[in-house]
Amino acid sequence: AYEILKLFRKAGYREARSFLELSDGGHFENNAFYELIRRRANLIICCDGGADPDFSFGDYQTGIDRIRTDFGVTIDITADQLGGIVPRSEGRFPAGVKLANRGYEIGTISYPSANGVNGKGDTGTLIFLKTTMVKDLGIATLKYRGKHPSFPDETTADQFFSAEQFEAYRELGFRIGEAMIRDAGLEN
């Protein structure tokens with residue numbers, strides 16, 4: 001492990017770098033945005049792929065609560081905004097599948113004053129992506145959903161994915177990411 005850490009440091013992966021990539025919050029908050037908030041990042045893209053068939057946003061809520069408690073940071077994504085991620089309108093195929101308006105939401109991060117004095121601090125942007133059924137998915141992904149009703153909230157207990165399952169999740173992530181980039185004006 002020490003040798004791997006030395007390689008990362010040599011490649012420029014240091015805690016103080018301006019670009020960081022974190023994955024999985026290690027069962028602390030599961031979305032890994034806690035550490036980015038701690039570093040006062042101005043743009044955070046948080047991808048929540050956890051199984052959440054009831055759309056309770058448990059991992060997100062845990063992170064938000066811990067961030068507010070530990071750092072005094074607030075994120076302004078409301079319950080109404082998150083409602084756009086919850087599937088509601090029925091698609092045509094497969095029968096009974098509900099679709100969400102979008103698979104992401106954009107909020108403002110409000111950091112407290114950096115010098116500890118009362119007053120406004122910096123702001124940043126949190127883009128929260130969630131696995132949810134959206135329109136414009138390809139027939140192979142919709143077919144996979146028809147055969148596997150728990151998609152995209154399948155358990156991660158089995159870490160071995162079939163090619164069909166991998167492709168369904170890949171396309172879903174691609175469509176959500178593509179819409180987010182377009183709608184947020186991040187194309188450049």
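By salt bridge I mean a side-chain nitrogen of Lys or Arg within 4 Å of a carboxyl oxygen of Asp or Glu. Helices (H or I, at least four residues) and strands (E, at least two) are DSSP runs, numbered from the N terminus.

A word on the source. This is a predicted model, where local features need pLDDT of at least 70 and side-chain atom pairs count only at pLDDT 80 or more, while totals for chains, interfaces and linings use all residues. Residues are numbered from 1 along each chain as its sequence is written, and side-chain values use heavy atoms, with hydrogens and water left out.

Back to Lys130. Are Lys130 and Asp52 buried or exposed? Both are buried. Buried means under 20% relative accessible area, exposed means over 50%, and partly exposed is in between, with a 1.4 Å probe and protein chains only.

Lys130 also meets Asp48 in a salt bridge, at 3.5 Å from N to O. Here strand 6 (residues 120-130) holds Lys130, strand 1 (residues 43-48) holds Asp48, and 82 residues separate the two. Asp48 is buried, like Lys130.

How many salt bridges does the whole structure hold? The search finds twelve. One of them joins Lys147 and Glu164, with the closest N and O atoms 3.3 Å apart. Lys147 lies in helix 5 and Glu164 in helix 6, so the pair ties together parts 17 residues apart in sequence. Lys147 counts as partly exposed, at 48% relative accessibility. Glu164 is partly exposed too, at 28%. There is also a network of salt bridges linking Glu35, Arg38 and Arg39.

Next, the rings. The structure holds seven aromatic pairs. Rings of Phe, Tyr and Trp (its six-membered ring) pair if their centres lie within 6.5 Å; planes under 30 degrees apart count as stacked, over 60 as edge-to-face, the rest as tilted.

Take Phe33 and Tyr60. They are stacked, 6.0 Å centre to centre, with 25 degrees between the planes. Phe33 sits in the loop between helix 1 (2-11) and helix 2 (34-38), Tyr60 in helix 3 (residues 58-71), 27 residues apart. Phe33 and Tyr60 are buried.

Now Phe151 and Tyr169. This pair is edge-to-face: 4.7 Å centre to centre, 70 degrees between the planes. Phe151 lies in the loop between helix 5 (139-147) and helix 6, and Tyr169 in helix 6, so the pair ties together parts 18 residues apart in sequence. Phe151 is buried at 1% relative accessibility, and Tyr169 is partly exposed at 21%.

Ring pairs also build a cluster: Phe33, Phe55, Phe57, Tyr60 and Phe128.

Last, a pocket. The second largest pocket has a volume of about 240 Å³. On a 1 Å grid over the protein atoms alone, a pocket is an open set of points with protein on both sides within 12 Å along at least five of seven lines, and lining residues have an atom within 4 Å of a point. The volume is the space filled by probe spheres set on the points. Of the 14 lining residues, the closest to the centre are Val134, Lys135, Asp136, Ala179 and Arg182. Which helix gives the largest share of the lining? Helix 6 (residues 163-183) does, with six residues.

Note on methods
1 Å grid on protein atoms, 1.4 Å probe; cavity = no way out; pocket = protein on both sides within 12 Å on 5 of 7 lines; lining within 4 Å.
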